[in-house]
Amino acid sequence: MSQPTPEIRPNRQLVYASDELMGRIAQQVQPQIQQPGAVGLVRVALLAYVFSWLPAFVVLAAATAVAPAATSGASVAATALWALQFATLIAISAVVTTLVRRPATPAEQGADAPPSRILLRAVRGALLTIACAALVLAWQGLSVGQIAVLAGMIAAVLHLAPVLIARLMLRRQRGDAAAR
């Protein structure tokens with residue numbers, strides 16, 4: 001009986017893969033993150049309108065009702081228009097931020113953000129809110145003092161109130177869990 005002849009192996013030289021194969025391997029190793037499409041941008045704009053127009057209108061209408069001098073005696077319709085202008089600026093900034101911001105990688109999406117980054121984002125959001133409110137109110141001819149009070153109230157309602165409500169709800173959940 002004869003022995004089978006061993007296969008002759010080529011020298012172990014590097015073989016270059018095609019660009020297509022390299023692209024597929026790169027996609028598996030490091031997935032590409034897509035920017036949001038038109039539907040995502042519309043969703044961001046609508047959410048910005050919903051969550052900024054109503055609180056701004058409530059603050060401006062309440063300020064007009066309680067202290068008409070704070071808004072130079074503006075009507076409710078005028079304050080609704082101011083709130084709409086404010087919401088438009090906030091929506092535009094939300095869309096621009098969505099387009100400019102580097103998308104989070106899958107590893108970053110699951111990780112908790114450090115407290116300093118959360119604080120920085122909150123301060124940046126509050127400053128943007130104050131700037132948008134000040135721009136709208138200055139355009140309406142209000143004085144610096146009126147602008148400062150109203151912009152501060154709007155920023156407090158849009159940024160401070162949700163944080164306080166979330167903390168109270170968390171405290172209540174912890175109390176309910178501890179009672180069980």
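Student: Is Ser52 buried or exposed, and why?

Tutor: Buried means under 20% relative accessible area, exposed over 50%, and partly exposed in between, with a 1.4 Å probe and protein chains only. Ser52 counts as buried because its relative accessible area is 4%. This is a predicted model, in which local features need pLDDT of at least 70 and side-chain atom pairs count only at pLDDT 80 or more, while totals for chains, interfaces and linings use all residues. Residues are numbered from 1 along each chain as its sequence is written, and side-chain values use heavy atoms, with hydrogens and water left out.

Student: Where is Ser52 found, and what does Ser52 touch?

Tutor: Contact means heavy atoms within 4.5 Å. Ser52 lies in helix H2. Leaving out residues up to four places away in sequence, Ser52 touches Phe86, Ala87, Ile90 and Leu158.

Student: How many helices and strands does the chain have?

Tutor: Helices (H or I, at least four residues) and strands (E, at least two) are DSSP runs, numbered from the N terminus. The chain has six helices and zero strands, so from the N terminus on, the order of elements is α-α-α-α-α-α. Of its 180 residues, 22% count as buried. Among contacts with a separation of 6 or more, 76% are between residues 24 or more positions apart.

Student: Which residues of H2 are buried, and which elements do the buried residues of H2 pack against?

Tutor: An α-helix has 3.6 residues a turn, so residues three or four places apart point the same way. In H2 the buried residues include Ala45, Ala48, Ser52, Ala56, Val59, Leu60 and Ala63. The buried residues of H2 pack against H3, H5 and H6.

Student: What span should H2 have?

Tutor: The expected span of a helix is 1.5 Å times one less than its number of residues. For the 29 residues of H2 that gives 42 Å, and the end C-alpha atoms are 42 Å apart, which agrees. H5 has 25 residues and should span 36 Å; its end C-alpha atoms are 36 Å apart, again in agreement.

Student: Which residues of H5 are buried?

Tutor: In H5, Gly125, Thr129, Cys132, Ala133, Val136 and Leu137 are buried, and the buried residues of H5 pack against H2, H3 and H6. Ala134, also in H5, is partly exposed, because its relative accessible area is 23%. Apart from neighbours within four places in sequence, Ala134 is in contact with Ile147 and Ala151. Ala134 and Gly152 are 18 residues apart in sequence, with their C-alpha atoms 9.3 Å apart.

Student: How many residues are in the largest nonpolar core?

Tutor: A nonpolar core is a set of buried Ala, Val, Leu, Ile, Met, Phe, Trp, Tyr and Cys residues joined through side-chain atoms within 4.5 Å. The largest one here has 25 residues, and those with the most contacts inside it are Leu60, Trp82, Phe86, Leu137, Leu142, Leu150 and Ile154. Helices H2 (38-66), H3 (76-100), H5 (115-139) and H6 (144-179) each give two or more residues to this core. H2 gives the most, with eight residues. Ile154 touches Ala56, Val59, Leu60, Phe86, Thr129 and Ala133, not counting residues up to four places away in sequence.

Student: What volume does the largest cavity have?

Tutor: Rolling a probe the size of a water molecule over the atoms shows where empty space is left. On a 1 Å grid over the protein atoms alone, a cavity is a set of points where a 1.4 Å probe fits but cannot get out; lining residues have an atom within 4 Å of a point. Grid points are joined across faces, edges and corners, and a volume is the space filled by probe spheres set on the points. By this rule there is one cavity of 30 Å³ or more, and the largest cavity has a volume of about 30 Å³. Its lining consists of Ala56, Leu60, Trp82, Ala83, Phe86, Ala133, Val136, Leu137 and Ile154. H2, H3 and H5 each give two or more residues to this lining.

Student: Which residues have a positive phi?

Tutor: Most residues other than glycine have a negative phi. Ser72, with phi near 55°, has a positive value in a residue other than glycine. Ser72 is in the loop between H2 and H3. Just after H5, Gly141 also takes a positive phi, of about 90°.

Student: What is Gln146 in contact with?

Tutor: Leaving aside neighbours within four places in sequence, Gln146 is in contact with Ala69, Ala70, Thr71 and Ser72. Gln146 is in helix H6 and is buried, with a relative accessible area of 17%. The C-alpha atoms of Gln146 and Ser72 are separated by 8.6 Å, though the two are 74 residues apart along the chain.

Methods
1 Å grid on protein atoms, 1.4 Å probe; cavity = no way out; pocket = protein on both sides within 12 Å on 5 of 7 lines; lining within 4 Å.
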